[in-house]
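Student: I would like to see how the terms used for this model are assigned. Please set each value against its cut-off.

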Amino acid sequence: MKIKIVLQIFSLLLLLLAQRAFPQHCNEEVIWDGSEKVLNYGIDTTGNWWFITQPFTKQYRLIVNGEQSEVALKIDGLTFSNDGTKWAAFSKEKERLYLFTNEGKITLPSLSMSGTLKYTPNSEKLVYSYKHENIETIVVGEKKFQIMNGTGDYYLSYGGERVALLGRLSSGYVMNINGVESPIYDALKPLGFWSDGQFVYAGKSGTTWQIYKGNKSISDRFKDVSEVAINIYGTVAAALVTLPNNSKSSIIISDEYYEPLMGRQYDQAYDLVLHPELAMIGYRALDNGKNIVVLNSVEYAGGEYSGKPRFTYDGSELYFLGCNNDCFLNVNGKNYPILSDLTLSSYYAKKPNSETLAYSTSSAMIVRNLQFGTLYAGKMVDEISDPIYNRKLKRYEAIGRISDKLYLIHCTF
């Protein structure tokens, strides 16, 4: 305990020294002057910042990148496109539902309730739904699809030509794809559309699961499918599965492979992450009592405890936090010691191919040089969002709050 206290004091001293010695790395700008009460705020991984204010009792306003909505009775569903160039949210004004977007305002039919907002994977089209009684209408450009008894999210092909929705029947579940239903299954886990337009999903019949492309099985039978993922291009998909012998494994589906690629068997497997483009996955596993992190067939020691692995936005690095007596950050197999504020539950951002890492404490965004352990801090605030790495501006960013005043805090390395 004494050692931890000494380390914390030492880290604080380093932080204070960094603020004085290296102020040029971190700066801030005011994005809200505090003239209205701030209820919520954040910054998207694409670099878009937003917040919701309350100018009057039970009335709200959304501000995205400085663009303000009209005062509304309710605002929800804020969504950004994959490339960060577009955004939209539902806005209820005077009992009428609208869409407030970066491209204008869309009026929805009277008496309708908000549904789901999405952009197509290629970021070109806004797709939205609204509900009236038990009917949900999905709008894709000039096309409309009406679904009854839909449940959960809906899925889009890359350009939005096809839409899939999970439907529940008295006898089980089906995938409704452009109005055509799949066979009935006891349980379903949708993945998404493949690049050829076929829908990929995991379906359970009786006591076993299989993975399907269209209505054709493309996998062996499993006792369970616990986690699934697909990239936005529909070229790589993956799942964590339970085999008939109760061991856990992974499966990668790619047109590069003649058949799906099965991974090694482990006692446990969880926290699946998928490379943004290539046929590569990462996940945590337990092997004879040892924590490991798996990158396809490569295994990294996870320490006594380990956090969820992540890929950098370009997929060049897989990184995760692990702990023994002290903690470390593993980047593509190389360990860097971490002695201060980071915990396994911390959210942190990493610039690809750099020896820097950003995370937020209760009052500041901190950037750590992994090689030398040097700390750099942004403006001290009352509270702060999780950081992101803004790939367009090539800097770490977070939103800080002092009372109802908001700052965009950024550090460049």
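Tutor: A search of the whole structure finds 16 aromatic pairs. Rings of Phe, Tyr and Trp (its six-membered ring) pair if their centres lie within 6.5 Å; planes under 30 degrees apart are stacked, those over 60 are edge-to-face and the rest are tilted. The model is predicted: local features need pLDDT of at least 70, side-chain atom pairs need 80 or more, and totals for chains, interfaces and linings use all residues. Residues are numbered from 1 along each chain as its sequence is written, and side-chain values use heavy atoms, without hydrogens or water.

Student: What makes Tyr185 and Tyr212 an aromatic pair, and how are the planes classed?

Tutor: Their centres are 5.2 Å apart, which is within the limit for a pair. A strand is a DSSP run of E, at least two residues, numbered from the N terminus.

Student: How is the pair of Phe199 and Tyr201 classed, and why?

Tutor: It is stacked, because the angle between the planes is 25 degrees, with 6.3 Å centre to centre. Ring pairs also link Tyr155, Tyr185, Phe193, Phe199, Tyr201 and Tyr212 into a cluster.

Student: Why is Tyr212 called buried?

Tutor: Buried means under 20% relative accessible area, exposed over 50% and partly exposed in between (1.4 Å probe, protein chains only). Tyr212 has 9%, and therefore counts as buried. Phe199 is buried at 1%, and Tyr201 is buried at 1%.

Student: Which residues are in contact with Tyr212, leaving aside neighbours within four places in sequence?

Tutor: Contact means heavy atoms within 4.5 Å. Tyr212 is in contact with Tyr185, Phe199, Val200, Tyr201, Gly203, Ser217 and Ile218.

Student: Is Ser403 buried or exposed, and how do you know?

Tutor: Ser403 has a relative accessible area of 52%, which puts it in the exposed class. Ser403 lies in the loop between strand S41 (395-402) and strand S42 (405-411) and has a positive phi of about 60 degrees although it is not a glycine. Asn332, in the loop between S33 and S34, also has a positive phi, of about 50 degrees, and is not a glycine. At 39%, Asn332 is partly exposed.

Student: What makes a set of residues a nonpolar core?

Tutor: The residues are buried Ala, Val, Leu, Ile, Met, Phe, Trp, Tyr and Cys, joined through side-chain atoms within 4.5 Å. The largest such core has 17 residues, and those with the most contacts inside it are Leu329, Ile338, Leu342 and Tyr348. Strands S32 (318-323), S33 (327-331), S34 (334-338), S36 (356-360) and S38 (375-377) each supply at least two of its residues.

Student: Which residues line the largest cavity?

Tutor: They are Ile138, Phe145, Ile147, Val163, Ala164, Leu165, Asn176, Asn178 and Gly179. A cavity is a set of points, on a 1 Å grid over the protein atoms alone, where a 1.4 Å probe fits but cannot get out; lining residues have an atom within 4 Å of a point. The lining divides into six nonpolar, three polar and no charged residues. Ala, Val, Leu, Ile, Met, Phe, Trp, Tyr, Cys and Pro count as nonpolar, Asp, Glu, Lys and Arg as charged, and the others, Gly among them, as polar.

Key: Helix = DSSP H or I, 4+ residues; strand = E, 2+ residues; numbered from the N terminus. 1 Å grid on protein atoms, 1.4 Å probe; cavity = no way out; pocket = protein on both sides within 12 Å on 5 of 7 lines; lining within 4 Å.
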